[in-house]
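Let's look at how a few structural labels get decided. Take a look at the structure first, then we'll go through it together.

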Amino acid sequence: MRLCKGDTVAMDEDGGRCVYQVIQFTRGKVILSLVHEANCDARNRDSKNSFKLKRLAANRLRKLGARRVFVDPIGKVRDSNAATNY
């Protein structure tokens, strides 16, 4: 899977599908945020805020079943591996 900044990724977590946006790449890690979160960088830097960005290595993404998905302008997620699209 090839990812770029701003791409959306779906993973199966906590019994359901979670959709993340690629925020940044660092040394061997992909930094992700839930697609519906806003002002992520400032919230992540604020020590009083409990919000944290998700940092995962490529192998961990593979183990979680991560796949690239597409979100259209009205918010419909197109996921080729899911049984149903939302």
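Predicted model: local features only at pLDDT ≥ 70, side-chain atom pairs only at ≥ 80, totals over all residues.

**Strands, core and contacts**

Q: How do you know that strand β3 pairs with β4, and in which sense?
A: β3 (residues 29-34) is joined to β4 by 4 bridges, and the two run antiparallel. Strands here are DSSP runs of E, at least two residues long, numbered from the N terminus.

Q: What makes β4 and β6 edge strands?
A: Each of them pairs on one side only: β4 covers 54-57 and β6 covers 77-78. The open sheet has 6 strands in the order β4-β3-β2-β1-β5-β6, with antiparallel pairing.

Q: Which residues take a positive phi in the hairpins of β1 and β2 and of β2 and β3?
A: Asp14 does in the hairpin of β1 and β2, with phi near 50°. Gly28 does in the turn between β2 and β3, at about 80°. Each hairpin has 2 residues between its strands.

Q: Why is Thr8 called buried?
A: Thr8 has a relative accessible area of 11%. Buried means under 20% (exposed is over 50%, partly exposed in between, with a 1.4 Å probe and protein chains only), so the word applies. Thr8 is found in strand β1.

Q: How do you know that the side chain of Thr8 makes a polar contact with Val69?
A: The Thr8 side chain reaches the backbone oxygen of Val69 at 2.6 Å. The cut-off for a pair of N or O atoms is 3.5 Å, with one able to donate a hydrogen and the other to accept it; neighbours in sequence count only if both atoms are side-chain atoms.

Q: How many residues are in the largest nonpolar core?
A: There are 12, including Leu3, Val9, Val30 and Leu56. A core like this is a set of buried Ala, Val, Leu, Ile, Met, Phe, Trp, Tyr and Cys residues joined through side-chain atoms within 4.5 Å. β2 gives the largest share, 3 residues.

Conventions. Residues numbered from 1 in each chain as written. Heavy atoms only, no water. Pairing = 2+ DSSP bridges.
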